[in-house]
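Colleague: I have a protein model open and a few labels to understand. Can you take me through them?

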Amino acid sequence: MSMTDVLIVGAGPTGLVLACDLARRGVAVRIVDRSPAPPRTSRAKGPNPRSLEILDDLGVAEEVLAAGSAPLPMLKYRDRRPVAEADPWADSAPSPDARYDRGWLIAQWRLEGILRDRLAGYGVRVEPGREVVGLAQGRDGGDGGHVDVTYADGPAGRARYVVGCDGAHSSVRKLLGIPFEGTTAEDQVMVCGDVDLADGVLDRTRWHQWFDEDGAVMLCPIPGTRTGWWFQAGPERDGRGRPLAPTADGFRRLLAHHTALPGRDLTRAELLSTYRVNVRMADRFRAGRVLLAGDAAHVHAIAGGLGMNTGIQDAFNLGWKLGLVLAGHADAELLDTYEEERLPVAARTLDLTSERLRATLEAIRRPGGGLDTAITPDTTGLGVGYRWSSLAAGDRTPQAERPGPHAGGRAQQPEQPGPHAGDRAPDAPCADAATGVRTRLHRVFAGPRTTVLGFGPGSAGVLRETADAYGGGAGVRVCRVYAAHEDRAGAEPGAVVDDAGHASAAYGTGASGDTGAGTVVVVRPDHHVGVLGPADDARSVREYLRRLHGTGRSAERSPGMVDAVR
């Protein structure tokens with residue numbers, strides 16, 4: 001029986017992001033899906049700013065931006081008349097530490113197509129019509145363990161690890177017997193679908209939202225189409241108040257009832273579905289060599305658009321850890337930090353989205369209320385961090401005072417400038433020290449490696465030691481960040497110049513003078529800070545890198561590792 005490194009079950013955004021991240025590391029990966037063909041679904045409306053950063057790291061952000069559109073202002077109606085307009089992004093703008101200040105509208109099927117194409121570039125293709133019906137974990141005389149996989153049709157398979165990315169009804173989770181505790185709000189129901197409206201009947205530069213006392217209709221134009229719209233509405237109900245299944249004629253009746261448009265203006269309706277608010281979470285994300293990600297591990301209210309995004313971010317947290325373990329650089333215990341970090345984030349997301357749903361339902365009771373209520377700084381994903389993690393080296397914040405995994409969550413004591421260990425590593429514009437070409441720190445971080453940043457002349461020693469130990473052979477790179485006034489004659493390849501001071505401001509290093517002690521920052525492959533401290537603390541850097549990448553010189557380069565094509 002042939003062995004693959006990782007079998008991914010489920011080819012939605014979560015599974016595809018994980019597959020892309022693993023494939024570029026040279027991991028032997030298979031990705032299967034029970035559907036006989038890629039589903040043309042538009043359930044998720046697009047990536048949030050943090051997911052855009054991840055897609056940028058994978059090399060597909062520009063294509064995603066080109067295929068979608070910026071989020072639209074929301075035009076709210078009452079009794080068929082416009083009563084208010086809101087643009088939740090009107091006051092936001094990109095900042096030096098965050099290139100993406102807003103999410104992006106793109107049909108989920110289009111995003112999945114872009115990711116499938118990216119994956120195909122690594123020689124990996126989704127295997128359709130492959131339903132997993134059995135999992136058995138065993139040991140062998142080679143690497144010590146494997147998972148035997150049984151399919152409904154076709155020959156069985158074997159993998160060193162299996163990741164269930166197969167949605168809320170996950171077969172993988174059920175086969176593991178992992179509970180999926182929570183609630184389903186049977187009275188909170190919405191019907192959804194993709195529709196065509198007669199050309200020109202609605203302004204496609206707005207997201208139209210009709211909220212009446214007896215129901216609602218929401219229509220958002222689907223980017224890349226001329227007459228396509230996302231349709232969401234409160235359901236029709238029977239004489240006993242029970243919601244009716246969605247139909248094209250039902251959508252036409254809802255359109256005519258709540259809007260000034262005649263039902264005949266809705267010319268096509270497909271991908272019809274009923275959405276119920278589910279708030280559920282698995283009690284663990286790992287069972288031996290099988291892990292769960294995305295909706296297979298957690299589902300929550302739709303408010304804030306965090307479902308697909310939380311799954312993408314699960315995948316980006318897990319991919320580099322699997323890669324380092326499979327390459328033999330890190331111990332398998334590293335995989336425990338996936339659940340350690342992502343389960344609290346999922347729990348917080350359940351709370352956040354439930355609270356945003358409550359606030360939105362309250363807002364739409366009043367004329368002028370709408371879905372803008374669901375959008376807060378928390379929903380960007382940029383504030384998610386892991387200060388409580390065992391991978392947050394050197395974070396001495398007392399456990400009782402450590403913040404939760406959400407934007408604005410901070411310890412009660414005064415903050416030092418810059419990020420803490422566990423936080424998202426800020427971006428910053430800078431210039432290549434050798435060529436002067438404009439770049440930014442997240443471009444430096446891109447690709448499947450850990451990055452060691454050095455600020456100030458005092459960091460030269462630890463950067464040199466790291467380069468000597470790892471030398472590009474175990475997924476570690478070093479980058480000296482020069483202040484504008486520093487002499488950079490003989491700068492190392494890959495060094496950058498913080499010519500506007502944004503990097504030093506973002507990392508709280510101050511202006512590094514020629515006599516400064518300097519600062520060193522270890523940035524994980526998923527853009528989170530592992531170590532941040534004085535550059536003379538080489539021991540902390542050494543110990544952290546040893547945990548992730550082994551001893552350096554003895555670690556062999558994973559033969560198939562490739563950087564993202566930029």
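Modeller: Start with Asp187, which lies in strand E8, residues 180-197. Keep in mind that this model is predicted.

Colleague: What makes Asp187 count as exposed or buried?

Modeller: Its relative accessibility is 62%. Exposed means over 50%. Asp187 therefore counts as exposed.

Colleague: Which atoms of Asp187 and Pro243 are separated by 8.6 Å?

Modeller: Their C-alpha atoms. Along the chain, Asp187 and Pro243 are 56 residues apart.

Colleague: Now the helices. Why are H10 and H12 called roughly parallel to each other?

Modeller: Helix H10 covers residues 460-470, and helix H12 covers residues 538-549. They pack at an angle of about 25 degrees. Angles under 35 degrees count as roughly parallel. So H10 and H12 are roughly parallel to each other. Their axes are 10 Å apart.

Colleague: Which residues make the contact?

Modeller: H10 gives Val462, Glu465, Thr466 and Tyr470. H12 gives Ala538, Val541, Arg542, Leu545, Arg546 and His549.

Colleague: How do the residues of the contact of H10 with H12 divide?

Modeller: Five are nonpolar, two polar and three charged.

Colleague: And the protein chain: how many helices and strands are there?

Modeller: Twelve helices and 22 strands. The chain has 566 residues, and buried residues make up 55% of them.

Conventions
Residues numbered from 1 in each chain as written. Predicted model: local features only at pLDDT ≥ 70, side-chain atom pairs only at ≥ 80, totals over all residues. Heavy atoms only, no water. Helix = DSSP H or I, 4+ residues; strand = E, 2+ residues; numbered from the N terminus. Buried < 20%, exposed > 50% of the residue type's maximum accessible area, 1.4 Å probe, protein only. Axes fitted to C-alpha atoms, helices over the stretch in contact; angles between N-to-C directions. Parallel < 35°, antiparallel > 145°, perpendicular 65-115°, else oblique. Contact = heavy atoms within 4.5 Å. Nonpolar A, V, L, I, M, F, W, Y, C, P; charged D, E, K, R; others polar.
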